[in-house]
Amino acid sequence: MQAVVFEETGDPDVLHLGDRPEPQAGAGQVLIEVRAASVNPADVKRVAGSFGEVELPAGTGYDAAGVVLAVGEGVDHLAAGDEVFGLGQQTHAVRAVLTAAARKPAVWSWAEAAAAGVAGETADRGLSLLGVSAGDVVLVDGGAGGVGTFAVQLAVARGATVIATGSDRNHDYLRSLGAIPVRYGDGLADRVAAVRAEQGLGEVTAVFDVVGKTPAEVLVSLAPRPEQVVSIANFDAPAHGARVTGGGDGVTDAATSLAAVAALADRLTIPIEKEYPLVQASDAFALVAEGHVRGKVVLLP
Ligand SMILES: NC(=O)c1ccc[n+]([C@@H]2O[C@H](COP(=O)([O-])OP(=O)(O)OC[C@H]3O[C@@H](n4cnc5c(N)ncnc54)[C@H](OP(=O)(O)O)[C@@H]3O)[C@@H](O)[C@H]2O)c1
């Protein structure tokens, strides 16, 4: 089966189009014909070898959207022919298995649905851990990327006021998502205090760090309590009383989060910065590796 593969870890140029064994849907899984799959920073890190040893040769990809070909044991809510999106493994391929899936909203393109996989699930998970609801003032640190784009909009949909960080070039974009933009980097706490005063906002009630670059002590200083900081990328955060999530936290399961994101499809903007054919996976990975994508980068088989 045609797939993106690598035989050695390293820079994105180790990737090429190759052959992988046909995937099979196990219990609770669905096999799909992939119509689009997104590129996540985790893909870049795994190919680089940052996640430890990888059994080689290996495929890439953690999410996808496509048409169900077969369902595994115990899947009774989906059937062959359904259009779905969700989380999986080796999704940068013509066929893949999803381990958590939801129905693709008709208003989404295949690329938008693929983009909503890892990024949408992660955003809903983090906001659920923080218990974000109407009346909250949420700081999303890193609002313009994949997870940030969903985190800002999902927090707004929950009724929160959102302050989001981004470089100056992304401030209009962050406003378009419903956030009050501030620049990240040194002096962040002062800038957050200034916009709160300017906008007449109360204390920040939750901090969602979706990039992992702001020191944990700064994030904690912005929250009412250390545990009201949730990070998805700063593994130093627990040393400061903050929480880190990688999934499996028990507050929400992946399929429920994907369905929650899909339910808001009419209200969500999902910018696709660039689409590439599978054969150009190394270019797509190189763009994501730069760390300044607005929205998502997507591969189309
Ligand atoms: N734990 C989990 O479950 C989980 C799940 C998904 C992702 N992650 C991790 O979370 C991180 C983000 O993922 P992603 O898919 O959202 O990445 P992404 O789309 O590549 O993020 C790019 C964005 O990061 C922003 N950014 C860069 N430097 C920043 C800084 N110092 N402060 C604030 N924003 C900054 C950029 O904005 P500007 O262009 O304005 O600089 C850009 O919009 C990655 O490390 C990823 O591996 C973890």
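Since the model is predicted, local features need pLDDT of at least 70 and side-chain atom pairs count only at pLDDT 80 or more, while totals for chains, interfaces and linings use all residues. Residues are numbered from 1 along each chain as its sequence is written, and side-chain values use heavy atoms, with hydrogens and water left out.

The ligand comes first. A shell of 27 residues surrounds the ligand, and the closest are Lys45, Ser167, Asn170, Tyr184 and His292; a residue belongs here if one of its heavy atoms lies within 4 Å of the molecule. By class, the shell splits into 11 nonpolar, 12 polar and four charged residues. Here Ala, Val, Leu, Ile, Met, Phe, Trp, Tyr, Cys and Pro count as nonpolar, Asp, Glu, Lys and Arg as charged, and the others, Gly among them, as polar.

Serine 167 has a polar side-chain atom 2.5 Å from a ligand oxygen, and for histidine 292 the corresponding distance is 2.7 Å. Glycine 145 uses its backbone instead, with an N or O atom 3.1 Å from an oxygen of the ligand. The protein covers 89% of the 930 Å² of accessible area that the ligand has on its own, as given by the Shrake-Rupley method with a 1.4 Å probe. Elements giving two or more residues to the shell are H1, helix H3 (118-130) and helix H4 (146-157); helices are DSSP runs of at least four residues (H or I) and strands (E) of at least two, numbered from the N terminus.

Next, the helix pairs. Helix H1 (residues 41-48) packs on helix H9 (residues 281-289) at about 105°, with the axes 9 Å apart. Axes are lines fitted to C-alpha atoms over the stretch in contact, and angles run from 0 to 180 degrees between N-to-C directions. That makes H1 roughly perpendicular to H9, a label for angles of 65 to 115 degrees. Pro41, Asp43, Val44 and Val47 of H1 meet Phe285, Val288 and Ala289 of H9, where contact means heavy atoms within 4.5 Å. This contact has six nonpolar, no polar and one charged residues.

H3 and helix H8 (residues 254-263) pack at about 100°, with axes 8 Å apart, and are therefore roughly perpendicular to each other. Their contact has four nonpolar, two polar and three charged residues.

Finally, the backbone. Leucine 56 and proline 57 are joined by a cis peptide bond, with omega about -5°, and proline 57 sits in the loop between H1 and strand E4 (58-59). Glutamine 90, although not a glycine, has a positive phi of about 50°.

Conventions:
Parallel < 35°, antiparallel > 145°, perpendicular 65-115°, else oblique. Polar contact = N/O pair within 3.5 Å; in protein donor to acceptor, adjacent residues only side chain to side chain.
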